[in-house]
Amino acid sequence: MSAAVAAAAAAAAAAAMSGYESQKRRDWNTFGQYLKNHRPPLTLSRCSGAHVLEFLRYLDQFGKTKVHAETCAYFGNSHPPGPCPCPLKQAWGSLDALIGRLRAAFEENGGTPEMNPFGARAVRLYLREVRDAQAKARGIAYEKKKRRKPQHHQQQQSGLDHDEMGSRDHMHYSGYGGDFVHHHQLSNSNGTVPMAAAVSYFSS
């Protein structure tokens, strides 16, 4: 490998890591604001796996992945021929990647692995249930991640799960004040904006 190619590869890896770190910081600040807007307000020290599950379910209203109900004619159809009234939710890959970033951020901000709510057994079980349920409803199969070769390491560091790369369901953030913005324009299925929908970051 020439010096120029090696330098380009190093620059690409650095850029990917920078993007991952920025996303992780935004996710961490967003969760902190969610706790602040919680009723009653919660402090991070009192946050448990149950509160993390509340957060994940809250995010579902902004999802863009169609998850068919068992009573839907398209249940298990990976390429439905028409529309249906089934809800849009966050894809499993998006939630899995998000939890990975928040779990790392918790410990980077002084938390201990033993007290990490993002690593709670309830959270792991919930993600597994979402994965299995969405696989059946959408007629797709999730395969375990294979060990990647070193040259693909930068893609791993981007925080994108293999499901995310296919569904593009993950959260988006605006560049204006760091507001938490989704393509749903912060509206749920009823067209209304929930109490804590407009989540802003803390000053970074």
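This is a predicted model: local features need pLDDT of at least 70, side-chain atom pairs count only at pLDDT 80 or more; totals for chains, interfaces and linings use all residues.
**Helix 3 and arginine 101**

Helix 3 runs over residues 92-108. It contains 17 residues and spans 24 Å from its first C-alpha to its last, close to the 24 Å expected at 1.5 Å a residue. Its buried residues are Trp92, Gly93, Ser94, Leu95, Ala97, Leu98, Ile99, Arg101, Leu102, Ala105 and Phe106. Just after helix 3, glycine 110 has a positive phi of about 100 degrees.

Arginine 101 belongs to helix 3. Its relative accessibility is 5%, and because buried means under 20%, arginine 101 counts as buried. The side chain of arginine 101 is joined to the side chain of aspartate 27 by a polar contact of 2.4 Å.

**Helix 2 against helix 4**

Two packed helices are described by the angle between their axes and the distance between the axes. For helix 2 (residues 49-59) and helix 4 (residues 121-138), the angle is about 30 degrees and the axes are 8 Å apart. Angles under 35 degrees count as roughly parallel, so helix 2 and helix 4 are roughly parallel to each other. On the helix 2 side, the contact is made by Gly49, Val52, Leu53, Leu56 and Arg57. Helix 4 contributes Ala122, Val123, Tyr126 and Leu127. By class, this contact of helix 2 with helix 4 has seven nonpolar residues, one polar and one charged.

**Two loop residues**

Valine 67 lies in the loop between strand 1 (65-66) and strand 2 (88-89). With a relative accessible area of 10%, valine 67 is buried. Leaving out residues up to four places away in sequence, valine 67 touches Cys86, Pro87, Lys89, Gln134 and Ala137.

Proline 113 sits in the loop between helix 3 and helix 4. Its relative accessibility is 53%; exposed means over 50%, so proline 113 counts as exposed.

In summary, arginine 101 is buried at 5% relative accessibility and valine 67 is buried at 10% relative accessible area, whereas proline 113 is exposed at 53%.

Conventions:
Residues are numbered from 1 along each chain as its sequence is written. Side-chain values use heavy atoms; hydrogens and water are left out. Helices (H or I, at least four residues) and strands (E, at least two) are DSSP runs, numbered from the N terminus. Buried means under 20% relative accessible area, exposed over 50%, partly exposed in between (1.4 Å probe, protein chains only). A polar contact is a pair of N or O atoms within 3.5 Å; within protein, one must be able to donate a hydrogen and the other to accept it, and residues adjacent in sequence count only if both atoms are side-chain atoms. Axes are lines fitted to C-alpha atoms, for helices over the stretch in contact, and angles run from 0 to 180 degrees between N-to-C directions. Angles under 35 degrees count as roughly parallel, over 145 as roughly antiparallel, 65 to 115 as roughly perpendicular and the rest as oblique. Contact means heavy atoms within 4.5 Å. Ala, Val, Leu, Ile, Met, Phe, Trp, Tyr, Cys and Pro count as nonpolar, Asp, Glu, Lys and Arg as charged, and the others, Gly among them, as polar. The expected span of a helix is 1.5 Å times one less than its number of residues.
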